[in-house]
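Trainee: I am new to this structure, and I would like to walk through it with you. Could we look at it together?

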Amino acid sequence: MKQALLLVDIQNDFLPGGALAVTEGDAVVPVANALMPAFDYVVASQDWHPPHHLSFAAEHAGYEPFQVTELDGHDQVLWPVHCVQGAPGAGFASALDIAGIDHVVRKGMERRLDSYSAFYDNHHLNATGLADHLKARDIDHLVVLGLAADVCVKFTVVDALAEGFGVTLVRDGVRGVDMQPGDTQAAIDAMQVAGATIVDSSELLTGL
Ligand code: VGL
Ligand code: ZN
């Protein structure tokens with residue numbers, strides 16, 4: 001079994017003070033930094049939207065962030081403008097040890113199409129190439145943490161399992177948006193039901 005660490009969207013806009021701030025989102029950074037040296041291969045995803053991405057509420061007259069609209073026949077949650085390509089908010093958290101990252105996968109670049117998962121857009125029309133990239137390196141197990149637990153982490157983990165990867169989710173390495181109270185716990189439960197193993201980072205670090 002060859003494992004990789006997958007850091008999901010640990011970007012400034014998802015940290016306190018950011019455009020789409022996740023409560024305690026900064027708490028995942030030290031967990032990521034502690035785990036990185038224990039892995040031979042570290043992948044990081046980056047939400048990477050064009051300036052007028054249609055997941056932004058600002059692109060829809062009369063809509064506010066966190067409302068839902070329909071886009072190309074699918075429900076689309078409307079978000080604050082976030083993770084615009086090249087903007088500071090799209091950058092990795094400044095406290096993240098980016099020198100430890102071996103490969104970056106960017107997603108959400110198509111204006112009409114959102115992409116929560118690091119593997120596929122939300123309608124599974126296009127692959128990001130991450131699955132092939134990992135399989136080409138004989139990686140068959142992913143240890144996953146990052147932001148947001150109930151959005152991009154959940155979609156990434158579900159797709160990873162469907163692609164045949166084993167998945168370990170680091171419980172203390174995720175935080176959620178919680179648009180509804182309890183969303184984060186429900187997401188963790190759903191990832192476990194889908195086949196992920198849930199651990200605390202301390203369980204991965206003992207014996208190192
Ligand atoms: C995310 C909402 C919109 C995430 C990305 O990274 O969880 N959430 N875009
Ligand atoms: Zn986004």
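Trainee: Which residues does UniProt list for "domain: Isochorismatase-like"?

Mentor: Before we start, this is a predicted model: local features need pLDDT of at least 70, side-chain atom pairs count only at pLDDT 80 or more, and totals for chains, interfaces and linings use all residues. Residues are numbered from 1 along each chain as its sequence is written, while chains are lettered from A and ligands numbered from 1 in the order in which they are written. UniProt positions are given in the numbering used here, feature names are shortened, and annotations may be inferred rather than shown by experiment. For this domain, the unreviewed UniProt entry lists residues 4-202.

Trainee: How far apart are the end C-alpha atoms of residues 4-202?

Mentor: Helices (H or I, at least four residues) and strands (E, at least two) are DSSP runs, numbered from the N terminus. The span is 21% helix and 22% strand. Its end C-alpha atoms are separated by 17 Å.

Trainee: What is the order of the strands in the open sheet?

Mentor: Two strands pair if DSSP finds at least two bridges between them. At the edges are β5 (103-107) and β8 (197-199), each pairing on one side only. The sheet has 6 strands with parallel pairing, in the order β5-β2-β1-β6-β7-β8.

Trainee: Which residue in the turn between β3 and β4 has a positive phi?

Mentor: Strands β3 (residues 68-71) and β4 (residues 74-77) run antiparallel and share 4 bridges. They form a hairpin with 2 residues between them. The turn residue with a positive phi, about 50°, is D72.

Trainee: Are α3 and α4 roughly parallel or roughly antiparallel to each other?

Mentor: Axes are lines fitted to C-alpha atoms, for helices over the stretch in contact, and angles run from 0 to 180 degrees between N-to-C directions. The axes of α3 (residues 149-162) and α4 (residues 183-194) come within 10 Å and cross at roughly 5°. Angles under 35 degrees count as roughly parallel, so α3 and α4 are roughly parallel.

Trainee: Which two residues does the cis peptide bond join?

Mentor: One of them, A148, sits in the loop between β6 and α3. Omega is about -15° for this bond, which joins L147 and A148.

Trainee: How many residues of the shell around ligand 1 are charged?

Mentor: A residue is near a molecule if its C-beta atom, placed from the backbone, lies within 6 Å of it. Around ligand 1 are D9, F14, L20, D47, W79, L147, A148, V151 and C152. Ala, Val, Leu, Ile, Met, Phe, Trp, Tyr, Cys and Pro count as nonpolar, Asp, Glu, Lys and Arg as charged, and the others, Gly among them, as polar. The shell has 7 nonpolar residues and no polar ones, and its charged residues number 2.

Technical notes. Parallel < 35°, antiparallel > 145°, perpendicular 65-115°, else oblique.
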